[in-house]
Amino acid sequence: MTRHALNKRIQDYMLERKRRRTRLVTKDGRCNIEYGNIKYSTHFAFLVDFWTTFVEIRWRFVLFIFIASFTLSWFIFGLLWYWIARSNGDLAWQEPPSDHIPCVDNVFGLTTAFLFSIETQQTIGYGGRAITPECPGAVALVIIQSLLGAVVNCFMCGIILSKISLPKKRAKTVTFSEMAVISPRNGSLCLSIRVANLRKTLMIGSQIYGKLLRTTTTPDGETIIMDQVNIDFLVDAGKDNLFFVTPLTLHHVIDKSSPFFDMAVDTLHDKEFELVVFLDGTAESTSSSFQVRTSFIPQEIMWGYNFLPIISRSKEGKYRVDFSNFSKVVPVATSHCAYCYHNIKGHHLHSITGNDNPGFEVIEIDNLPNVTKM
């Protein structure tokens, strides 16, 4: 590897790290934010809402708590069974007489007491160790351990089931295109994003909207670090209650009310903003609501490109979706700024490949532009 190639890789790596660090929302929907200077007493609020806390913690902590809760309860009750056996003189080192009736048969040490604790709480019942009616305290301890064991089982199984069935896992099968594109569509200049549902089950009541995050300064001189501007998205089928059975292309019309109106092809990548796109829906199979998020920074918006079609119809009459073209784009003739598109006559189309044709004459282009993959 040459020195120039190595420097290029280092620069690309540092640029990618900078992009990740400056994002509020990552490409996979996680929020890049941290909280500081939280009062110590506030942490007790997480303990009060312990169920949500347990559901949201990482899997490794859940597995640790699962193992620790059962092992600790077995050991504690094992000590209690050992204490009962010791109080009744059942242990081997106490040398009980031959006609001695123990509280628990075959419990004559700490190890056997621990094994009997496991058998009692997990209702294993091997038959080698059994409680006798001679000790009322032992009968009461069996009842207590059985009840507490049932509580521990229900709680831990509920936590694991809740984590497995979290709605955000359904969001993993909804994907956005890596890039957004700006190109003419239906007589308007539009910013377009493609989204796909990888499952065949429908999403009920889907809604799509966006937020443009940027730093602004008010006329009073106040700097707003995270100023939010609503971005409306449309699809060919409408805005709400989408028929999300095939990949959809979202369109934001860049008109005079759009924050993208004052941008151009040569100034877009110099801007500082983040476009966050949200998709809310309900899974048809589980009836659980979830939200999918992603974000686009200026370097991830391609001016003068359009997505390739991915839906076709086979000879058998079935509709086919080709996901190999999901994130592929092709250059299209596009004006170099939104103002030019709306106000300058004859400047609606500007070919980025060097073939200018303001008069819309029929011309032949020998070298067609190559398809570009994001």
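**Notebook: cysteines, annotated spans and Glu300**

I began with the bond between Cys103 and Cys135: the torsion about its S-S bond is about -70 degrees, so this disulfide is left-handed. I then asked what the pair connects. Cys103 sits in the loop between helix 4 (59-87) and helix 5 (110-121), while Cys135 sits in the loop between helix 5 and helix 6 (136-164), so the bond ties together parts that are 32 residues apart in sequence. I note that the model is predicted. The S to S distance for Cys103 and Cys135 is 1.7 Å. I looked up burial too, and both Cys103 and Cys135 are buried.

Next I looked up how many disulfides the structure holds. I found two. The other one is formed by Cys337 and Cys340, with sulfur atoms 2.4 Å apart. Is the Cys337 and Cys340 disulfide left-handed or right-handed? The torsion about its S-S bond is about 90 degrees, so I recorded it as right-handed. Cys337 is buried, as is Cys340. Counting bonded cysteines along the chain, I get the pattern 1-2, 3-4.

I then checked Cys154, which takes part in no disulfide; the nearest cysteine sulfur belongs to Cys157 and is 7.2 Å away. Is Cys154 buried or exposed? Its relative accessible area is 58%, and I call Cys154 exposed because the cut-off for that is over 50%. For Cys190 I found 3% relative accessibility, so that residue counts as buried.

I turned to the record. The unreviewed UniProt entry annotates residues 61-84 and 138-161 as "transmembrane region". I looked up what the model shows for each span. Residues 61-84 are 100% helix and 0% strand, and their end C-alpha atoms lie 34 Å apart. Residues 138-161 are likewise 100% helix and 0% strand, with end C-alpha atoms 34 Å apart.

My last entry is Glu300. Where is Glu300 placed? I located it in the loop between strand 8 (289-296) and strand 9 (301-303).

Terms used
Residues are numbered from 1 along each chain as its sequence is written. This is a predicted model: local features need pLDDT of at least 70, side-chain atom pairs count only at pLDDT 80 or more; totals for chains, interfaces and linings use all residues. Side-chain values use heavy atoms; hydrogens and water are left out. UniProt positions are given in the numbering used here, feature names are shortened, and annotations may be inferred rather than shown by experiment. Helices (H or I, at least four residues) and strands (E, at least two) are DSSP runs, numbered from the N terminus. A disulfide is a pair of cysteine sulfur atoms within 2.5 Å. Buried means under 20% relative accessible area, exposed over 50%, partly exposed in between (1.4 Å probe, protein chains only).
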